[in-house]
Amino acid sequence: MPEVIFNGPEGRLEGRYQPGKEPNAPIAILLHPHPQFGGTMNNQIIYNLFYMFVERGFAVLRFNSRGVGRSQGMFDHGVGELSDAASALDWLQTINRESRGCWIAGFSFGAWIGMQLLMRRPEVEGFISVAPPENLYDFSFLAPCPSSGLIIHGDKDRVAPPSSVQKLVDKLKTQKGITIEQQIVEGANHFFEGKVDELTTACAEYLDRRRQEIADGGGR
């Protein structure tokens, strides 16, 4: 898996990129948790989801946002990190011009960034949000949410409590034309300690099912 460096708004951004199996392979971008709490592109959940997409033939990118690892710049409380994510998706699309299909997956802080990016990019056909911290960040921008996706979290999560995630899910489920699926991993805390494989399997099953629905002509 090649290491890549590409230009972001504040200088270079460091990533890991796996090309797709076909020239028109779908693309996926992975967004890591909060940088000030140790979040990097090598987070175990992000790493596992990266390979979940790779195994399905996607062209996949995970990267360090500004100020993390070898990426230049300084933490910007989400504003700059969203710009970084947009630049990363631009780069991914530039080298996959024939791609059919685009997915975004993020964990915790990365789920918040990912869902903001989703709002800006109508070409995104699906998303996976792992433990979105609705209690810590403003998700009111999701009005309406432009595509269907999975929100998955643990029932023992103290960082993003189940009640707050439920609030987000309930709000999004009232929209017509999209389907927000919610899955709860029993016994899982915010970091899915001892439950990462279970989380990855659930995400993989969802992705396979959604892609089949899209291939069969189902909606977003």
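**Exercise 1. List the residues that line the second largest cavity, and work out which elements and which classes of residue they come from.**

Solution. The residues around the second largest cavity are Ile 104, Ala 105, Gly 106, Gly 110, Ala 111, Gly 114, Met 115, Leu 118, Phe 127, Ile 128 and Ser 129, and it should be kept in mind from the start that they belong to a predicted model. As a next step, assign them to elements: β5, α3 and β6 are the ones that give two or more residues to this lining. Within that group, α3 supplies the largest share of the lining of the second largest cavity, namely 5 residues. Sorting the lining of the second largest cavity by class then gives 7 nonpolar and 4 polar residues, with no charged residues. Finally, the volume of the second largest cavity is about 40 Å³.

**Exercise 2. State how many cavities of 30 Å³ or more a search of the whole structure finds, and describe the lining of the largest cavity.**

Solution. Begin with the idea behind such a search: rolling a probe the size of a water molecule over the atoms shows where empty space is left. When the whole structure is searched, 2 cavities of 30 Å³ or more are found, and the largest cavity holds about 70 Å³ of space. Its lining is made up of Leu 30, Leu 31, His 32, Phe 63, Ser 65, Glu 81, Ala 85, Phe 109, Gly 110 and Ile 113. At least two residues of the lining of the largest cavity come from each of β3, α2 (79–94) and α3, and α3 gives the most, with 3 residues. By class, the lining of the largest cavity has 6 nonpolar, 3 polar and 1 charged residues.

**Exercise 3. Give the order of the strands in the open sheet, and explain why one side of β1 and one side of β8 are left without a neighbour in the sheet.**

Solution. The open sheet is formed by 8 strands, and reading across it gives the order β1-β2-β4-β3-β5-β6-β7-β8, with mixed pairing. The strands at the edges are β1 (3–8) and β8 (180–185), and each has a single partner strand, so one side of each is left without a neighbour in the sheet. On average, and with direction ignored, neighbouring strands of this sheet are turned by 20° against each other.

**Exercise 4. Follow the pairing from β1 to β2, and then from β2 to β4.**

Solution. First, β1 and β2 run antiparallel and are joined by 6 bridges, while the hairpin that connects β1 to β2 passes through 2 residues. Among the bridge partners in β2 are Arg 12, which pairs with Asn 7, and Glu 14, which pairs with Ile 5.

**Exercise 5. Find out which strands are touched by helix α3 and which by helix α4.**

Solution. Helix α3 (residues 109–120) packs on the sheet and touches β3 (27–31), β5 (102–107), β6 (126–130) and β7 (149–154), and its direction makes about 150° with that of β5. Helix α4 (residues 162–173) likewise packs on the sheet, where it touches β7 and β8, and its direction makes about 165° with that of β7.

**Exercise 6. Locate the cis peptide bond and the residue that has a positive phi although it is not a glycine.**

Solution. The cis peptide bond joins Ala 143 and Pro 144, with an omega of about -10°, and Pro 144 is placed in the loop between β6 and β7. The residue with a positive phi is His 77, for which the angle is about 60°, and His 77 is found in the loop between β4 and α2.

Conventions:
Residues are numbered from 1 along each chain as its sequence is written. This is a predicted model: local features need pLDDT of at least 70, side-chain atom pairs count only at pLDDT 80 or more; totals for chains, interfaces and linings use all residues. Side-chain values use heavy atoms; hydrogens and water are left out. Two strands pair if DSSP finds at least two bridges between them. Helices (H or I, at least four residues) and strands (E, at least two) are DSSP runs, numbered from the N terminus. Axes are lines fitted to C-alpha atoms, for helices over the stretch in contact, and angles run from 0 to 180 degrees between N-to-C directions. Contact means heavy atoms within 4.5 Å. On a 1 Å grid over the protein atoms alone, a cavity is a set of points where a 1.4 Å probe fits but cannot get out, and a pocket is an open set with protein on both sides within 12 Å along at least five of seven lines; lining residues have an atom within 4 Å of a point. Grid points are joined across faces, edges and corners, and a volume is the space filled by probe spheres set on the points. Ala, Val, Leu, Ile, Met, Phe, Trp, Tyr, Cys and Pro count as nonpolar, Asp, Glu, Lys and Arg as charged, and the others, Gly among them, as polar.
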